[in-house]
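Student: I am new to this one. Please show me the structure, and then let me ask about it.

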Amino acid sequence: MATTSTPPPKTNRLGLSVIDYRGGKTTLCAGCGHNAISERIIDALYEMGVQPERVAKLSGIGCSSKSPAYFLNRAHAFNAVHGRMPSVATGAVLANQSLMALGVSGDGDSASIGVGQFVHLMRRNLPIIYIIEDNGVYGLTKGQFSATADVGSKLKTGVINELPPIDTCELAVSLGATFVGRSFSGDKRQLSAMLKAAIAHRGTVMLDVVSPCVTFNDHEGSTKSYKYVKEHEETLQDVSFVPHFEEIDVEYDPGTTTDVTMHDGSHLRLRKLHEDYDPTNRVNAVRTLTESHERGEVLTGIFYIDTSKPSFIDLLNLVEQPLATLPQDRVRPGREVLEEVMEELR
Ligand SMILES: Cc1ncc(C[n+]2csc(CCOP(=O)(O)OP(=O)(O)O)c2C)c(N)n1
Ligand code: SF4
Ligand SMILES: [Mg+2]
C-alpha cells in the first residue's frame, strides 16, 4: 500500500511556523475588527521572523486591550490598568531595550482616560509599536461614545454625538511620533505592509486601525461601521514593504513613489495614489488630516515618517546592555566609587 506523507509545515527564517506566533482562542465577538488585527499581527511577526520571546505585549483595558491574549503566546505580556499602558511600556523598554514593545490599546483607553499618558508617550519617541483598535465606542462597557467618535455619529439608541473627535494620528504627528498611519481592520494588504514596516522602525510607531465593533457600532448612522469605512475610505498611498533579508529587484519611479530606507535596511515603498504627498513633511501631514476630516473621509495610509530623529533610548544615552541584565557590580558600584563621586563634588 502506498503511503502518503504530509508536507512539512512552512517555516520562516528562524525555522518557526505560524503556529509559534498564535495565542489563545479569542473570546471577542465573531466579526469584531480586533480579531482581524490580531491575525495581521501574527502574520507580520511570522513573516518578519521576529523571535516571539523578544516581544513584550502591553495593553490597557477594553476589548482591544484583551486582544494580546489572542496572539503570540510565547511573548512577555502585561495587561495594565485602563489608559496606563504607556508608563508600563516606558518602564519595560527602559529596563530592557532588547525587547520589541508592542502596545495594543483602544480609542477609549488612549483618547479618553489615557490621553495624558498617550500624549507623553508620543513626544518621547520611545521605540514601541502602539496600535489603537479604533471603533469609536467603549465596546467592553456596552458601547458609549469614545473621544474618536465623529460629530453626527449615531448610537443604536438614537443618541447623536455632538462633540468634535480627537484625531489620534494628528495628535501623534504634532507631538513627535516618528511613524504615524491609519489603516482599516478589513484591509489585509495595507495593514500587513504597515505592520511589517512598523517592526523595522526604531522610534514610536502610532497606528490607528479603524476596527468596527459589530455589537455596538456597526449600524446605519455610525461612521466606524464596515459599510461606512468601505464607502468613505480614501487611500493616500499604495503601501508595500521589502524586508532587509529580501533582495529588492523592483525598479521604482521617484516621481510617483517614495522609497524610505528603514533602520534595519528594509525598504518602505509608498506609491502616491492621489496628490503629490510627502510623508516626511510634518506640517503638511497635520493639514492633510484636518482637510480630510472636513470632507468626511476616512483617510488611510502613512501620514508621517522620520527615520532620523533620535529615539528616547538614544537621548538617555543608556548603556547597550539591557539594564535588566546588568551584573550586580555595575548596578551597585560599591563604596569606593561612591566616595570618588563625593570627592569630586567637594
Ligand atoms: C479606571 C477605570 N475606569 C473605567 C473603567 C471601565 N472601562 C473598562 S473598558 C472601558 C473603555 C474601553 O474602550 P476602548 O478602549 O475603546 O476599548 P474597546 O472595548 O472599544 O475595544 C472603560 C471605560 C475601567 N475598567 N477602569
Ligand atoms: S463588544 Fe464590540 S469591541 Fe467588544 S468584542 Fe464585541 S464587537 Fe468587539
Ligand atoms: Mg473602542
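Student: Are Asp 107 and Val 137 buried or exposed?
Tutor: This is a predicted model, where local features need pLDDT of at least 70, side-chain atom pairs count only at pLDDT 80 or more, and totals for chains, interfaces and linings use all residues. Residues are numbered from 1 along each chain as written, chains are lettered from A and ligands numbered from 1 in written order, and side-chain values use heavy atoms, without hydrogens or water. Buried means under 20% relative accessible area, exposed over 50%, partly exposed in between (1.4 Å probe, protein chains only). Asp 107 and Val 137 are both buried.

Student: Which protein donors does the magnesium ion (ligand 3) have?
Tutor: Donors are N, O and S atoms within 2.8 Å of the metal (3.2 Å for Na, K and Ca); water is not among the atoms, so sites may look incomplete. Here they lie 2.1 to 2.2 Å from the ion. They are Asp 107 (OD), Asn 135 (OD1) and Val 137 (O).

Student: How many residues apart are Asp 107 and Val 137?
Tutor: Helices (H or I, at least four residues) and strands (E, at least two) are DSSP runs, numbered from the N terminus. Asp 107 is in helix α4 (residues 107-113), and Val 137 is in strand β5 (residues 137-138). The pair links distant parts of the chain, 30 residues apart.

Student: Which polar backbone atom is 2.9 Å from an oxygen atom of ligand 1?
Tutor: A polar contact is a pair of N or O atoms within 3.5 Å; within protein, one must be able to donate a hydrogen and the other to accept it, and residues adjacent in sequence count only if both atoms are side-chain atoms. At 2.9 Å from the ligand oxygen, the atom belongs to Val 137.

Student: Which element gives the most to the shell around ligand 1?
Tutor: Elements giving two or more residues are α2 (63-66), α4 and β5. With 4 residues, the most comes from α4.
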